Amino acid sequence: MPLVWVTGNSGAGKSAVCALLKSRGEHAVDADREGYNHWVDRTSGQVVVDPPDPVPAGWLDRFGWQTSRTEVEALAAKASGGIAFFCGSTENDDEVRDLFDLVVCLVVDDDTLRHRLLSRTSNSFGKHPEELAAALDANEGAEAAYRRLGATIVVDGRRPLPEVADAILAAAGRPAPTRTEPARDRPPGRSR
């Protein structure tokens with residue numbers, strides 16, 4: 001299973017779990033930060049090199065966050081014989097779905113989503129009212145939309161981050177790392 005897509009709505013935990021997977025030695029890419037996803041003018045098809053931040057009113061009506069199929073194909077070729085985790089989501093998910101062997105969708109409720117988007121410091125998307133409204137609107141049907149893509153495992157993104165990563169690894173057929181149990185206190189003078 002060479003290419004695993006870890007997806008979900010903005011604020012579901014994709015970037016955080018990507019960083020954890022990387023720290024565990026997995027081949028994981030954060031699609032938003034590593035050049036796989038771009039703002040695209042839906043009218044002309046042109047990639048927007050320097051998008052405004054925050055986006056102005058009406059921006060999301062004309063421009064969309066999209067995945068580059070060419071970049072994902074290159075990643076799939078590199079992953080041949082191993083596993084790569086592609087962490088990200090865009091509006092053209094259905095155009096790249098066929099490149100993935102497994103889809104893992106992180107889901108969160110609206111309150112968690114709102115809190116994460118408004119309080120995160122790693123990414124400004126979702127802080128502007130128009131962006132937040134779009135994210136909350138997309139969250140309503142996110143799980144059902146990803147299930148329609150097929151071969152989708154749904155993971156509760158509200159769980160502790162190590163548990164989310166363990167669930168993703170398990171879905172991909174990778175064993176989760178073993179954790180050392182903390183030493184238990186024994187009464188003095190007793191041994192086993």
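**Aromatic pairs and the sheet**

Analyst: The count comes to 6 aromatic pairs, where rings of Phe, Tyr and Trp (its six-membered ring) pair if their centres lie within 6.5 Å, with planes under 30 degrees apart called stacked, over 60 edge-to-face and the rest tilted. This is a predicted model, in which local features need pLDDT of at least 70 and side-chain atom pairs count only at pLDDT 80 or more, while totals for chains, interfaces and linings use all residues. Residues are numbered from 1 along each chain as its sequence is written, and side-chain values use heavy atoms, with hydrogens and water left out.

User: How are the rings of Trp 39 and Trp 59 placed?

Analyst: Their centres are 5.8 Å apart and the planes stand at 75°, so the Trp 39 and Trp 59 pair is edge-to-face. Trp 39 is in strand β3 (residues 37-41) and Trp 59 in helix α2 (residues 59-62), so the pair ties together parts 20 residues apart in sequence. Helices (H or I, at least four residues) and strands (E, at least two) are DSSP runs, numbered from the N terminus.

User: And Trp 39 with Trp 65?

Analyst: Trp 39 and Trp 65 form a tilted pair, 5.3 Å centre to centre with 55° between the planes. Trp 65 lies in strand β4 (residues 63-67) and Trp 39 in β3, so this pair ties together parts 26 residues apart in sequence.

User: Which residues make up the ring cluster?

Analyst: Ring pairs link Trp 5, Tyr 36, Phe 86 and Phe 100.

User: Switching to the sheet. What is the strand order?

Analyst: The order is β2-β5-β1-β6-β7, an open sheet of 5 strands with parallel pairing; two strands pair if DSSP finds at least two bridges between them. β2 (27-30) and β7 are at the edges with a single partner strand each, so one side of each has no neighbour in the sheet.

User: How many bridges join β6 to β7?

Analyst: There are 5 bridges, and the two strands run parallel. Cys 105 has Val 154 in β7 as its bridge partner.

User: What does α8 touch on the sheet?

Analyst: α8 packs on the sheet and touches β1, β5, β6 and β7, contact meaning heavy atoms within 4.5 Å. The buried residues of α8 (residues 161-171) include Val 164, Ile 168 and Leu 169. After α8 comes Gly 173, with a positive phi near 80°.

Technical notes: Buried means under 20% relative accessible area, exposed over 50%, partly exposed in between (1.4 Å probe, protein chains only). Axes are lines fitted to C-alpha atoms, for helices over the stretch in contact, and angles run from 0 to 180 degrees between N-to-C directions.
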